[in-house]
Amino acid sequence: MLLQSRGRATAAELAAELEVSVATARRDLEALSAAGIPVYPQPGRGGGWSLVGGARTDLTGLSATEAQALFLLVGPAAAVSEEARAALRKLVRALPQTFRADAEAAASATMIDPTRWGERDRRRPEIVDLLQAAVVRRRKVLLTYSSSARERTERLVDPWGLVDKDDIWYLLAGTDRGQRTFRVDRIVGAEPTEQPADRPDDFTLAGAWQQVVGEVEQRRSRTWATVLVEARFVPVLRNHFGRHCHTDAELDDGRARVRLGAPTPLDIARHLAGWGAMIEVVEPRSVQAELARIGAELTGRYTGTPRP
């Protein structure tokens with residue numbers, strides 16, 4: 001199947017892909033050839049092993065559990081894409097007869113509804129399809145981008161991959177200043193070109209995105225506060241602050257000492273103001289001051305307000 005997708009590969013390349021030794025890869029290739037599969041080596045520079053004569057294989061190499069896992073993953077995507085539905089039908093026909101019923105059941109076993117309760121239907125931005133095509137074709141894209149300060153610039157980028165995080169799409173791309181991350185909802189225009197895009201040989205979308213997430217989360221937790229709250233409310237704080245909520249200790253009086261992180265003292269205070277006296281902020285003084293200021297503002301506005 002690797003040779004089908006690549007056309008030609010050296011034994012060393014196959015060994016690296018399959019995590020075996022080069023000697024094992026050569027022995028297996030020779031075994032395939034001896035078994036009648038038209039796999040032949042071509043010596044010399046630019047040579048390698050290849051399938052000749054249009055030889056193909058189907059999906060019979062999948063086990064029953066692998067087939068089910070594949071269709072559980074692909075099934076939800078097929079609900080929103082005609083191309084995915086067509087591909088799914090072809091995959092089903094390529095499976096051995098004994099696997100088909102379970103695979104079809106797995107494909108319809110799961111549905112993903114990304115819309116939160118009370119929200120309108122979420123629609124994927126149309127520009128995502130254009131950018132995905134550029135990533136697949138490895139073609140440069142001329143972006144018109146609006147910064148957070150609403151300043152528009154034009155940039156010729158090498159599109160490397162797209163990420164959907166919490167219904168916000170991001171484009172990871174190469175620029176003349178190195179790797180950059182662009183919010184798709186700030187891309188005012190995108191014009192694909194026929195110029196080939198460059199992409200580092202060692203680039204992986206998952207690895208690059210993890211680096212982006214780490215940098216963003218670090219900026220999102222520049223301020224830390226220590227608070228005391230009843231232990232039963234810690235899950236609520238964890239839901240608000242996510243990975244920036246850490247329980248330090250549980251006290252004898254039923255309260256827990258918790259560390260909370262956010263970009264600024266005001267961000268922490270805004271989250272905690274509605275808790276009133278249920279939460280005690282031990283430190284820092286900057287968060288205490290912001291809470292006092294918010295309390296004074298509310299007192300000034302609503303003191304003496306007549307009840308309806």
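**Reading a sheet, a loop residue and a cavity**

Mentor: In this predicted model, three strands make up an open sheet whose order is β1-β3-β2, with antiparallel pairing.

Trainee: Which strands stand at the edges of the sheet?

Mentor: The edge strands are β1 (8-9) and β2 (39-42); each has a single partner strand, so one side of each is left without a neighbour in the sheet.

Trainee: How many bridges join β1 to β3?

Mentor: Two bridges link β1 with β3, residues 48-51, and these strands run antiparallel. Within β3, Trp49 is the bridge partner of Ala9.

Trainee: Let us turn to a loop. Where does Thr110 lie?

Mentor: Thr110 belongs to the loop between α6 (97-107) and α7 (127-137).

Trainee: Why is Thr110 described as partly exposed?

Mentor: Partly exposed residues fall between two cut-offs, because buried means under 20% relative accessible area and exposed means over 50%. The relative accessible area of Thr110 is 38%, so Thr110 is partly exposed.

Trainee: Which residues does Thr110 touch, not counting those up to four places away in sequence?

Mentor: On that basis, Thr110 touches Leu72 and Pro76. Pro76 is 34 residues from Thr110 in sequence, yet their C-alpha atoms are 6.1 Å apart in space.

Trainee: How many cavities of 30 Å³ or more does a search of the whole structure find?

Mentor: The search finds one. The largest cavity holds about 40 Å³ of space.

Trainee: Which residues line the largest cavity?

Mentor: Its lining consists of Val135, Arg138, Pro159, Trp160, Ala197, Asp198 and Arg199. By class, four residues of this lining are nonpolar, three are charged and none is polar.

Key
Residues are numbered from 1 along each chain as its sequence is written. This is a predicted model: local features need pLDDT of at least 70, side-chain atom pairs count only at pLDDT 80 or more; totals for chains, interfaces and linings use all residues. Side-chain values use heavy atoms; hydrogens and water are left out. Two strands pair if DSSP finds at least two bridges between them. Helices (H or I, at least four residues) and strands (E, at least two) are DSSP runs, numbered from the N terminus. Buried means under 20% relative accessible area, exposed over 50%, partly exposed in between (1.4 Å probe, protein chains only). Contact means heavy atoms within 4.5 Å. On a 1 Å grid over the protein atoms alone, a cavity is a set of points where a 1.4 Å probe fits but cannot get out, and a pocket is an open set with protein on both sides within 12 Å along at least five of seven lines; lining residues have an atom within 4 Å of a point. Grid points are joined across faces, edges and corners, and a volume is the space filled by probe spheres set on the points. Ala, Val, Leu, Ile, Met, Phe, Trp, Tyr, Cys and Pro count as nonpolar, Asp, Glu, Lys and Arg as charged, and the others, Gly among them, as polar.
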